[in-house]
Amino acid sequence: MNAELKSDKVDKIESIKRGIYILPNLVTTASLFAGFYSLVSILNKDFRTAAIMIFVSAVCDGLDGKVARMTGTTSKFGVEYDSLADVVAFGVTPALLAYYWALTPFHELGWVAAFLFVACGALRLARFNVQVNTVESKRFVGLPIPAAACMVASTVLFLQHMNRLPQDLFQAPFMFKRVAIITLIYLLAFLMVSNFRYYSFKDPALIKRQPFGFLLLAVVLLIVVVLKPVVMTFSIMLVYVLSGPVGFLLTWPRRHRLEMAVHKGREAVQRDVQP
């Protein structure tokens with residue numbers, strides 16, 4: 001047993017000595033840099049830039065894995081580095097953004113909400129790394145931490161955008177917005193560690209031939225997003241965040257019937273086995 005552990009340790013050391021892949025880890029570093037720049041913007045009270053940089057970090061985070069797979073440069077080092085970068089860019093950064101932008105008046109309740117977001121995000125990443133080879137690739141178990149971070153960023157951008165509208169169109173009290181933010185933070189923390197299933201957009205069928213109507217729909221959606229980027233981004237993120245609980249509720253009757261059928265089958269088998 002000790003010999004096997006020693007051999008594994010030697011293999012890991014030798015793999016590091018042989019070097020690491022530059023391109024995917026540079027993309028991961030870009031994601032980490034964007035997250036750190038967002039932190040600096042938060043300290044400078046430039047919350048709009050901070051929210052935008054979270055989206056930049058999310059784009060880089062989505063690209064590093066694809067670059068690694070396309071170039072055949074996936075590695076254990078890259079996976080661990082990506083998770084550490086995600087904790088900063090999508091855990092600490094959005095938590096501090098929400099705290100400094102809206103949660104400071106809540107005192108202990110505010111910073112506890114921010115910490116809970118970070119802790120649940122880290123737990124979500126740890127669970128993903130453990131289950132990555134055992135769960136369906138087309139579905140995430142729990143809300144992905146980049147999506148949770150983008151939901152926080154899009155909410156900040158959306159509420160700031162609403163503040164610029166004329167009084168007769170939208171002017172909700174800022175205290176209401178603060179209550180909405182702290183509620184959102186607690187909800188996102190719960191969703192990250194939940195067992196709700198979320199679409200991962202890793203389905204190979206997405207890159208295959210699709211009906212012409214799909215292209216037309218994509219063009220229309222792109223135009224709408226360009227015309228109203230803040231509102232549409234917030235709407236898209238909100239729909240994705242809610243898709244997990246809604247999907248769970250819609251599929252619950254079918255899963256309940258399946259569980260009842262399995263339970264009855266087991267009981268029938270046990271009656272047959274008993275003398």
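Analyst: Happy to; we will go feature by feature, with the general idea before the case at hand. This is a predicted model, where local features need pLDDT of at least 70, side-chain atom pairs count only at pLDDT 80 or more, and totals for chains, interfaces and linings use all residues. Residues are numbered from 1 along each chain as its sequence is written, and side-chain values use heavy atoms, with hydrogens and water left out.

User: What is the mean pLDDT of the chain, and which helix has the lowest value?

Analyst: pLDDT is the predictor's confidence in each residue, from 0 to 100. Here the chain averages 80, and 75% of its residues reach 70 or more. Among the elements of the chain, the lowest mean, 47, belongs to helix 1 (residues 2–17), and the highest, 91, to helix 2 (residues 22–43). Contact means heavy atoms within 4.5 Å.

User: How many helices and strands are there?

Analyst: Helices (H or I, at least four residues) and strands (E, at least two) are DSSP runs, numbered from the N terminus. This chain has nine helices and two strands, in the order α-α-α-α-α-β-α-α-β-α-α. Of the contacts with a separation of 6 or more, 81% join residues 24 or more positions apart.

User: How many salt bridges does the search find, and where in the chain?

Analyst: A salt bridge is a side-chain nitrogen of Lys or Arg within 4 Å of a carboxyl oxygen of Asp or Glu. The search of the whole structure finds one. Glu80 pairs with Lys76, with 3.3 Å between the closest N and O atoms. The two are about one helical turn apart, because they are four residues from each other in helix 4.

User: Which residues form the nonpolar patch on the surface?

Analyst: Patches are made of residues with over 30% relative accessible area and no salt bridge; like charges are joined within 9 Å, and nonpolar side chains (Val, Leu, Ile, Met, Phe, Trp, Tyr) within 5 Å. Leu215, Val219, Ile223 and Leu227 form this one, with about 400 Å² of accessible area together. Areas come from the Shrake-Rupley method with a 1.4 Å probe; for residues, only the protein chains shown count as cover. Leu215 sits in helix 8 (residues 212–227) and is exposed at 51%.

User: Where do Lys45 and His107 lie, and what is phi of each?

Analyst: Most residues other than glycine have a negative phi. Lys45, in the loop between helix 2 and helix 3, has a positive phi near 60 degrees. His107, in the loop between helix 4 and helix 5, has a positive phi near 55 degrees.

Key: Buried means under 20% relative accessible area, exposed over 50%, partly exposed in between (1.4 Å probe, protein chains only).
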